[in-house]
Amino acid sequence: EERNKKSPKRKIVLLMAYSGKGYHGMQRNVGSSQFKTIEDDLVSALVQSGCIPENHGEDMKKMSFQRCARTDKGVSAAGQIVSLKVRLIDDILEKINNHLPSHIRILGLKRVTGGFNSKNKCDARTYSYMLPTFAFAHKDHDVQEEVYRLDRETLEKVNKLLACYKGTHNFHNFTSQKGPRDPSAKRYIMEMYCGEPFVREDIEFAVIKVKGQSFMMHQIRKMIGLVIAIVKGYAAESIIELSWGEEKVDVPKAPGLGLVLERVHFEKYNRRFGNDGLHEPLEWTEEEEKIAVFKEQYIYPTIINTEREEKSMVNWLNTLSIHDFNSSVV
């Protein structure tokens with residue numbers, strides 16, 4: 001303890017992976033203990049391992065804590081980044097991980113500049129969304145979930161629709177509490193596509209990847225929800241264009257279960273400080289293997305098993321018929 005107190009405090013970033021099931025998102029709600037968040041477990045491990053004094057756990061500003069993305073309730077991450085000031089104790093990663101549950105891991109650590117803030121310095125975020133492919137089956141077809149396999153033509157249609165989101169658009173209809181004239185509703189999407197399907201435990205799944213500058217609450221789930229509604233035949237293709245206009249459009253929100261924060265990008269920071277001789281670029285090539293193993297062990301099985309047991313996608317698909325995609329007033 002005495003030696004810990006003498007260790008200098010340094011600004012670092014931690015690379016985190018976690019399975020979000022059972023948590024009310026990433027961000028800590030100080031004062032409401034009934035809603036457990038990922039940061040509650042993280043802060044407790046930082047205090048117990050001796051990296052931060054106890055009072056920093058109560059007031060996170062004291063350690064300049066900042067998370068890169070506030071993942072919503074139930075959402076997982078394979079490459080979340082938090083920045084904070086800690087005492088650089090020996091075997092720091094091992095000690096923090098010893099105080100964390102196995103479904104939350106710190107996979108890497110790097111020193112950063114003193115003024116570094118993981119939220120402001122992040123210039124893009126990549127998310128993935130893993131879903132059973134029967135979500136794309138047309139509503140008029142009677143589908144056996146375990147037998148359904150996605151055909152080429154439907155996958156091409158899905159990708160054509162997802163590509164519509166690329167560029168800068170007004171996404172006020174894809175979140176709550178934002179009006180059409182709110183400048184912060186304009187968001188820039190760099191890429192969005194659905195990969196090749198694969199079978200796990202008899203069910204065929206596919207993964208949608210989306211990279212954007214930043215996302216609003218529920219935005220990705222609503223972007224995917226709307227594409228599913230179109231592919232299934234509930235809504236016309238023209239509704240995507242319509243949703244960027246000023247009219248209010250009823251956009252369904254796909255379940256949170258399949259959403260994963262894959263990685264966060266610091267391209268500007270890396271160009272400026274990554275090779276200054278003092279700091280490393282915020283790239284995690286050496287940790288890729290650990291990230292892949294964590295996803296296979298904790299994230300994918302959680303998504304697959306929860307889908308099988310709780311049928312979150314099946315139940316949600318049954319609600320699509322009650323949305324009114326024709327009227328622009330909800």
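Begin by selecting Gly50, which follows helix 2 and has a positive phi, near 90 degrees. Keep in mind at this stop and every later one that what you have open is a predicted model.

From there, step back to helix 2 itself, residues 38-48, and colour its buried residues, which are Ile38, Glu39, Asp41, Leu42, Val43, Ala45 and Leu46.

Now zoom out and colour the protein by its division into domain 1, residues 9-121, and domain 2, which is made up of residues 124-261 together with 294-322. The C-alpha centres of domain 1 and domain 2 lie 29 Å apart, and where the domains meet, 20 residues of domain 1 are in contact with 17 residues of domain 2.

**The nonpolar core**

Next, select Tyr165 and Ile228, the residues with the most contacts inside the largest nonpolar core, which has 104 residues. Helix 6 gives the most to this core, with nine residues. Because domain 1 and domain 2 both give residues to the core, it lies between them.

Leaving aside neighbours within four places in sequence, Tyr165 is in contact with Phe171, Phe174, Ile189, Met192, Lys222, Met223, Leu226, Val227, Ile240 and Trp244.

**The largest pocket**

The next stops are about empty space. Rolling a probe the size of a water molecule over the atoms shows where such space is left.

The largest pocket has a volume of about 1,000 Å³. To find it, select Arg70, Thr71, Asp72, Lys73 and Met217, which are the closest to its centre of the 40 residues that line it. The elements that give two or more residues to this lining are strand 2 (66-67), strand 5 (124-132), helix 6 (219-231) and helix 9 (288-310), and helix 6 gives the most, with three residues.

Why does the largest pocket lie between domain 1 and domain 2? Both domains give residues to its lining, so the pocket is placed between them.

**The second largest pocket**

Move on to the second largest pocket, whose volume is about 250 Å³. To display its lining, select Phe134, Ala137, His138, Lys139, His141, Val143, Glu145, Lys232, Tyr234, Val314, Leu317 and Asn318. By class, this lining divides into six nonpolar, three polar and three charged residues.

**The cavity**

How many cavities of 30 Å³ or more does a search of the whole structure find? The search finds one, and the volume of this largest cavity is about 50 Å³.

Select its lining, which consists of Tyr129, Met130, Leu131, Pro132, Phe205, Pro255, Leu257, Gly258, Ile303, Glu307, Ser312 and Met313. Strand 5, helix 9 and helix 10 (312-317) each supply at least two residues of this lining, and the largest share, four residues, comes from strand 5. The lining of the largest cavity has nine nonpolar, two polar and one charged residues.

Lys311 lies in the loop between helix 9 and helix 10, and has a positive phi of about 50 degrees although it is not a glycine. Lys311 counts as partly exposed, at 36% relative accessibility.

Asp202, which sits in the loop between strand 8 (198-200) and strand 9 (203-212), also is not a glycine and yet has a positive phi, of about 75 degrees. With a relative accessible area of 48%, Asp202 is partly exposed.

Finally, select Pro183 in the loop between strand 6 (167-170) and strand 7 (186-194). Is Pro183 buried or exposed? Its relative accessible area is 68%, and because exposed means over 50%, Pro183 is exposed. To end the tour, draw a distance between the C-alpha atoms of Pro183 and Asn170, which are 13 residues apart along the chain and are separated by 8.3 Å.

Conventions. Residues are numbered from 1 along each chain as its sequence is written. This is a predicted model: local features need pLDDT of at least 70, side-chain atom pairs count only at pLDDT 80 or more; totals for chains, interfaces and linings use all residues. Side-chain values use heavy atoms; hydrogens and water are left out. On a 1 Å grid over the protein atoms alone, a cavity is a set of points where a 1.4 Å probe fits but cannot get out, and a pocket is an open set with protein on both sides within 12 Å along at least five of seven lines; lining residues have an atom within 4 Å of a point. Grid points are joined across faces, edges and corners, and a volume is the space filled by probe spheres set on the points. Domain bounds come from an automatic or database domain assignment. Ala, Val, Leu, Ile, Met, Phe, Trp, Tyr, Cys and Pro count as nonpolar, Asp, Glu, Lys and Arg as charged, and the others, Gly among them, as polar. Buried means under 20% relative accessible area, exposed over 50%, partly exposed in between (1.4 Å probe, protein chains only). A nonpolar core is a set of buried Ala, Val, Leu, Ile, Met, Phe, Trp, Tyr and Cys residues joined through side-chain atoms within 4.5 Å. Contact means heavy atoms within 4.5 Å.
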